[in-house]
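Welcome! Take a moment to look over the model below, and then let us walk through how its parts come together.

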2 protein chains.
Amino acid sequence: MVNVTVFGKGNMGSALAGLFESAQSPVQVLDSATSADEKITGEIVVLAVPYSALDGIAEKFGDQLKGRTVVDITNPVDFSTFDSLLPAADGSSAAELAAKLPESKVLKAFNTNFAGSLASKHVGENPTTVLIAGDDEDSKTTLAGIVEKAGLEAIDAGSLKRARELESFGFLQLSLAVSEKISFNGGFAVLR
Amino acid sequence: MVNVTVFGKGNMGSALAGLFESAQSPVQVLDSATSADEKITGEIVVLAVPYSALDGIAEKFGDQLKGRTVVDITNPVDFSTFDSLLPAADGSSAAELAAKLPESKVLKAFNTNFAGSLASKHVGENPTTVLIAGDDEDSKTTLAGIVEKAGLEAIDAGSLKRARELESFGFLQLSLAVSEKISFNGGFAVLR
C-alpha cells in the first residue's frame, strides 16, 4: 500500500485521485494554497497543477519533498499562442523541477493522458496507457504498479531526458484537441 | 489523379509506394543514387530516405523540386546514442529542408507511422492515421486526400513548426520499439 499525495483539485487532480483510490492507495489531496505547515503524507506526490504553480510548490514544500517521488504531469504550453512550449527547447518542465528538487525523485507521467481517459481507463477501445519517464528506477516501478493495479497500463518511457519528448507529445495531442481535430475523449493510444 | 515520386526503396519507401498505388496515383520510384538528369514526374515528392541523405537530394534535385510538394518523413534520431534528435532543439529536419528548398512546399508526414501500419492500414484494431504538418494548405489537403483514398486516415497537425513535435513523437515511438516496450506492429494510434 503506497500513500499518495495529489496537489490540485482540477480535472486532472480529481481523475488522478480517483485512479489512486481505485488502486487502494490512501490519497491526501492538497493544492497550491495549502499551508507549508501541512504534513505531506504521500510517498508519491503528484503535482496536478498548472506549470506556473510548480515553482511555488517546490519552494514552499521543498524540504518535505526530499526523498519522495514527485510526479510532474504538466503540459507547459504557451497558452497565449498555443504555438510553443515554455521550457527551454532542449529542456522540459520536469528537468526544471528536478533542478529545483535535487533530493527528490522526479518523474514525468500522466501528461500524455486526458482526464477522461484516466477515468474511463480507455482511449477508444484501447486500454489507457501511462507513459512514465524518470531517472529513479524504483520510483518508476512503484508508480507503474499502482497504475496497473488501477486497471490501466504503464510503460517505462526511459530516463527523465525523455520528458522533453513526452511534453512535445502532450502539446501535440492538446493542440489537436483544441483545434477539434480529435476530441478530449480521443487522443493517442499506445498499442504494444 | 496525382503523380507521386518516392525517393527510397527501403521499408518505408516500399510501404509508401504501395500506399500511393492503392490510391491509384502513378508512382515513380527513385533513390539517392539517381542521376540529376532523371526527370522527376511527381507533383508530390516523398523523401523516404535517411535524414543524412536529405541534403544531397536537396542539392542534386533542388531546381526540379521548385514548386512541388516535398514530404519529409525522417526521424532524425542520433542512432549512435538513441538519446536525442540531431536537428537544433528548437528546429526540425523539416524546417532544415524547407530552408534548403525555399521554393518547394515542404510537408512533414508519415514519420509517426511504422512501415507495417502503413501496409496493414491498422494499428491494433484502429485505423492508421497519418499526421501532416506544413505551411501550404493546398499541399496538405492534396496529400490527405491521397492518404484517405488509400484507406487510411489523415489529420492536419498544423503548421510546419509542428514538425518539431512530430519528430519528438516519432523519436519516442521508435525508442519504445527499439527497447521492446512496444512492437513495430504496435505504436501510437490516433483516436478521434
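## Where the two chains meet

About 2,800 Å² of area is buried between chain B and chain A, and carbon and sulfur atoms give 59% of that area. Leu172(B), Lys181(B) and Leu191(B) supply 19% of the area that chain B buries against chain A, more than any other three residues. Please keep in mind that this is a predicted model.

How are the two copies related? A rotation of 180° with 0.0 Å of shift along its axis places chain B on chain A, with an RMSD of 0.0 Å. This is the relation of a two-fold axis. In the interface, 35 residues of chain B are in contact with 35 residues of chain A. Of the interface residues of chain B, 100% are also interface residues in chain A, so the copies meet through the same surface.

| Class | Residues on the side of chain B that touches chain A |
|---|---|
| Nonpolar | 17 residues |
| Polar | 9 residues |

One salt bridge joins the side chains of Asp83(B) and Lys161(A), at 3.1 Å from N to O.

Which elements of chain B take part? H6(B) gives the most, with 9 residues.

Finally, look at the strands: E10 of chain A and E10(B) pair in the antiparallel sense over 5 bridges. Within this pairing, Gly187(A) has Leu191(B) as its bridge partner.

Methods: Residues numbered from 1 in each chain as written. Chains lettered and ligands numbered in written order. Predicted model: local features only at pLDDT ≥ 70, side-chain atom pairs only at ≥ 80, totals over all residues. Heavy atoms only, no water. Least-squares fit on C-alpha atoms with pLDDT ≥ 70 in both. Contact = heavy atoms within 4.5 Å. Buried area = accessible area lost by both parts, 1.4 Å probe. Salt bridge = Lys/Arg side-chain N within 4 Å of Asp/Glu carboxyl O. Helix = DSSP H or I, 4+ residues; strand = E, 2+ residues; numbered from the N terminus. Nonpolar A, V, L, I, M, F, W, Y, C, P; charged D, E, K, R; others polar. Pairing = 2+ DSSP bridges.
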